4 protein chains.
Amino acid sequence: MALSINLNADMGEGWGTYRIGDDAGILDVIKSASIACGFHAGDPVTMHDVVKMAKDKGVSIGVHPGFNDLWGFGRRAIMMKPQELEYMVAYQIGALQAMASYSSAKVTHLKPHGALNNMAAVDADYATAIGRAIKTVDSSIIYVALSGSEMEKASRKLGLKTALEGFCDRHYEDDGNLTPRKFADAMIKDADKAAKQVVDMVTTGEFLSRHGKPIKVKVDTLCLHGDEPTAVAFARKIRAALEGAGVKIVQIPEMKLS
Amino acid sequence: MALSINLNADMGEGWGTYRIGDDAGILDVIKSASIACGFHAGDPVTMHDVVKMAKDKGVSIGVHPGFNDLWGFGRRAIMMKPQELEYMVAYQIGALQAMASYSSAKVTHLKPHGALNNMAAVDADYATAIGRAIKTVDSSIIYVALSGSEMEKASRKLGLKTALEGFCDRHYEDDGNLTPRKFADAMIKDADKAAKQVVDMVTTGEFLSRHGKPIKVKVDTLCLHGDEPTAVAFARKIRAALEGAGVKIVQIPEMKLS
Amino acid sequence: MALSINLNADMGEGWGTYRIGDDAGILDVIKSASIACGFHAGDPVTMHDVVKMAKDKGVSIGVHPGFNDLWGFGRRAIMMKPQELEYMVAYQIGALQAMASYSSAKVTHLKPHGALNNMAAVDADYATAIGRAIKTVDSSIIYVALSGSEMEKASRKLGLKTALEGFCDRHYEDDGNLTPRKFADAMIKDADKAAKQVVDMVTTGEFLSRHGKPIKVKVDTLCLHGDEPTAVAFARKIRAALEGAGVKIVQIPEMKLS
Amino acid sequence: MALSINLNADMGEGWGTYRIGDDAGILDVIKSASIACGFHAGDPVTMHDVVKMAKDKGVSIGVHPGFNDLWGFGRRAIMMKPQELEYMVAYQIGALQAMASYSSAKVTHLKPHGALNNMAAVDADYATAIGRAIKTVDSSIIYVALSGSEMEKASRKLGLKTALEGFCDRHYEDDGNLTPRKFADAMIKDADKAAKQVVDMVTTGEFLSRHGKPIKVKVDTLCLHGDEPTAVAFARKIRAALEGAGVKIVQIPEMKLS
């Protein structure tokens, strides 16, 4: 039986006249796009346009909710009450669903952005608030959660479909957690090394930690970053390596989720 | 056969810690609420709370989209392209639909706010842009349009359900248009006079213009204002007069729309 | 020699059409106003109007900078870098100075708002960032700092003029710190008790902690809150009690600061 | 006596993580920078950084106020009352003055942005509102006004110093007005043609209209655009041509203004 994996990236993170990253280039490589919804980035026109582009290229779409901090691009934590956060996420889900109507596209996953993602990964209340927003607005939406995080736990507790996320360009520690960014070698900048890590991860379920210890991390979707100049070339190498190893690249809703 | 009419008002026009008007008091009198959606007013928490209150009181809900100008409360025109305006409205529809999920409420109408309403009343492109947003996101939503306006025309051309709006507290000219606000007697401040006007309007289809000439204006829904201190008392008088004349007060989707 | 003290309150915390508190009423009682500057509240028109009102009533004015979170009214911490925070505060100082030009008023103090104040009280980096903004934009501005806080330390280290702030309506612990709000009796709601506390504080330098232990806290300015319905009556009682005890109520820059 | 002229451009029009144009490249060519102040673009950090860069490169700085519409980048008119507009501009002047303190730079001119500039060029009330903001906050600031516009008139009436602006890359009509952008040849895209126009304009006071008729337009400062990829190369050509014709490129406050 053929193996399959999803490649995802954040998309539509411009604002009005501002643009970030090569959305069109990345959309040719990935199969699922997480789309900014107007709080940390992504005005209604940008949302409309990137949804259409994704649909045209056979890429599934998801909500990429963030904090209401355009200045900080959603990368600064705002210490809000879980309920405020929940309604803020719900609002953004609805906004994207509306924009998706223009392309008859279905919103099939949700992945939090920046500081919201970092906080929800370690805070059960925030992770649950996001899950509740999904459950209330559209319980068929798949909760994309860092493997092993509070988001994964909250998603399963709420009975939501869960896609476990891994990273192409990040090292992992011996315990299966991501190497914190404060370490110099947190990022894998060499595309070949990154490709080897993800091929091992997907085909054998086992790959080497930053310290060379074999570890297992289950993933359904691999995150690619779109905002660096080399992003498209990097993404293509990852995809080619996976396909070369017989792995099929599919949309998140096409994955067999556990 | 019993006559029926709808009473509507703008609701949820606070922002965070700010409040405007007595939403709870007005919701006891009206049957349809137009809810601010985060652009001119109405943060996600406020939206959630007013939807719930409306649902609990048997009041149907609608989108009340406005310009992205919190400072100006949506009362200042922003000269945007029709397409930008269309997507801005679509975004707000989706946002309210999401918040309505929390109360298992259905969004059944849309009425533009402030400057957006004024512009769409006289500008076919804007009126059509709003109609297209409705048609794309949820074509079952009823377009609330000032009787005789470009909105009414656009709504009918697009094949949307249309509710014609009249005003309780405004005088009309001989030609059936609203008396412009620049005239000293544009507003009807006396509740008894206002009540007489709407009872005539609803029961006989004919009432007197500002100059005393009998005119006919067809209306499905009557707008009440909620932000003045006397608003609730005024609204109650209007409702009592209508009910005293045998008119049933119903939700917008319960009206037989032409 | 006559004793003197300052009474201050936050002012101009409306936004566009939104209003909070009875600014005019409070301005009759206090002698220094901390004015919101457009980030957590306070649009340019509101700023202009409250500066003018303060000037007319003989009330000195200060900057009341807050986080860029209108939705949260500046009460939610945003985890920004100290340098971002510094420039954000500097920006708000300049904005108020411009609006003060309209009344030929001088901006003479600065007091952070809400979450910014809470964070700077305990975080040396944030306290210093605020101090640096003052020092760079106008080093004659008095830094209003909770007595004993990191703000006081930062202000003194930077060589800024410092006004120590006490509270009329808050209890203190045995160590001179404010009773945290999580305790039921953190607030003093009885105006007579509050008046006794501040009169003792100002005339003898000694008053009773929450647990009845005599403590000393040096204060130059006492904070009054303006947003509750009873605020003006409460403020008047405090002022009357102080004046009855022979204390003169003066502007912050009229205080002999240590 | 040597001729002199100023070259200006809009700068600091990024927002948070967003960037537009090659500020550093353009700052090497121009002598005066108009800096966005947080309403249409330009957060406090961006403002700080571009002021510093300008100061380091010997470029004078000015306020570039815009409408509060980050989504529309200040290019969409907001129909506000002249007084609201005046205070909005005053606020932005103060904000830039504060950020300029960090580089001990003086704010010496003001040029409205986008839709605000377009509206003030033809609307006496708006032009006057901007002038009043200058006069109140710092009457030494030079009002940069399109030659012959309502801004020029308002500036002179208010007794403000006025710098008349011309364009390097725009054609002029026979009556000395700019060719409206709706005409295909409104823009001069060929750098050599643009260079010839400005050299004629500056050295002889006379140049050819779009239709080849000799016209006279008095200018003190020439506007360069910074946001196109070819902007720096274009700007260099213009500057080289002027210098080749013996014209000295100076800061706006160094011009002898009429």
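A residue counts as buried when its relative accessible area is under 20%. In this predicted model, Cys168(C) has a relative accessible area of 0% and is therefore buried. Cys223(A), with a value of 1%, is buried as well.

These two residues lead on to the question of disulfides. In general, a disulfide is a covalent bond that links the sulfur atoms of two cysteines. How many disulfides are there over all chains? The count comes to zero. Cys223(A) takes part in no disulfide, and the nearest cysteine sulfur, which belongs to Cys168(A), is 7.3 Å away. Cys168(C) is likewise in no disulfide, with the sulfur of Cys223(C) as the nearest cysteine sulfur, at 7.3 Å.

Next come the contacts between chains. The size of an interface is often expressed as the accessible area that is lost when the parts come together. Between chain B and chain A, about 1,800 Å² is buried, and carbon and sulfur atoms give 74% of this area. In terms of contacts, 23 residues of chain B meet 23 residues of chain A. The search for salt bridges across this interface of chain B and chain A finds zero.

Chain B also touches chain D, with 11 residues from chain B and 11 residues from chain D in the contact. Here about 970 Å² is buried, 63% of it on carbon and sulfur atoms. Trp71(B), Arg76(B) and Met79(B) supply 49% of the area that chain B buries against chain D, more than any other three residues. Across the interface of chain B and chain D there are two salt bridges. In a salt bridge between these chains, the side chain of Arg76(D) meets that of Glu84(B), with 3.1 Å from N to O.

Finally, there is the empty space inside the structure. Such space shows up when a probe the size of a water molecule is rolled over the atoms. A search of the whole structure finds two cavities of 30 Å³ or more. The largest cavity has a volume of about 1,300 Å³. Its lining is made up of 38 residues, and those nearest the centre are Leu70(A), Leu70(B), Trp15(C), Leu70(C) and Leu70(D). By class, this lining of the largest cavity holds 24 nonpolar, nine polar and five charged residues.

The second largest cavity contains about 40 Å³ of space. Which residues line the second largest cavity? Its lining consists of Leu146(B), Ser147(B), Glu165(B), Tyr172(B), Gly176(B), Asn177(B), Leu178(B) and Val217(B). Sorted by class, four of these are nonpolar, three are polar and one is charged.

Conventions. Residues numbered from 1 in each chain as written. Chains lettered and ligands numbered in written order. Predicted model: local features only at pLDDT ≥ 70, side-chain atom pairs only at ≥ 80, totals over all residues. Heavy atoms only, no water. 1 Å grid on protein atoms, 1.4 Å probe; cavity = no way out; pocket = protein on both sides within 12 Å on 5 of 7 lines; lining within 4 Å. Points joined across faces, edges and corners; volume = space filled by probe spheres on them. Nonpolar A, V, L, I, M, F, W, Y, C, P; charged D, E, K, R; others polar. Disulfide = S-S within 2.5 Å. Buried < 20%, exposed > 50% of the residue type's maximum accessible area, 1.4 Å probe, protein only. Contact = heavy atoms within 4.5 Å. Buried area = accessible area lost by both parts, 1.4 Å probe. Salt bridge = Lys/Arg side-chain N within 4 Å of Asp/Glu carboxyl O.
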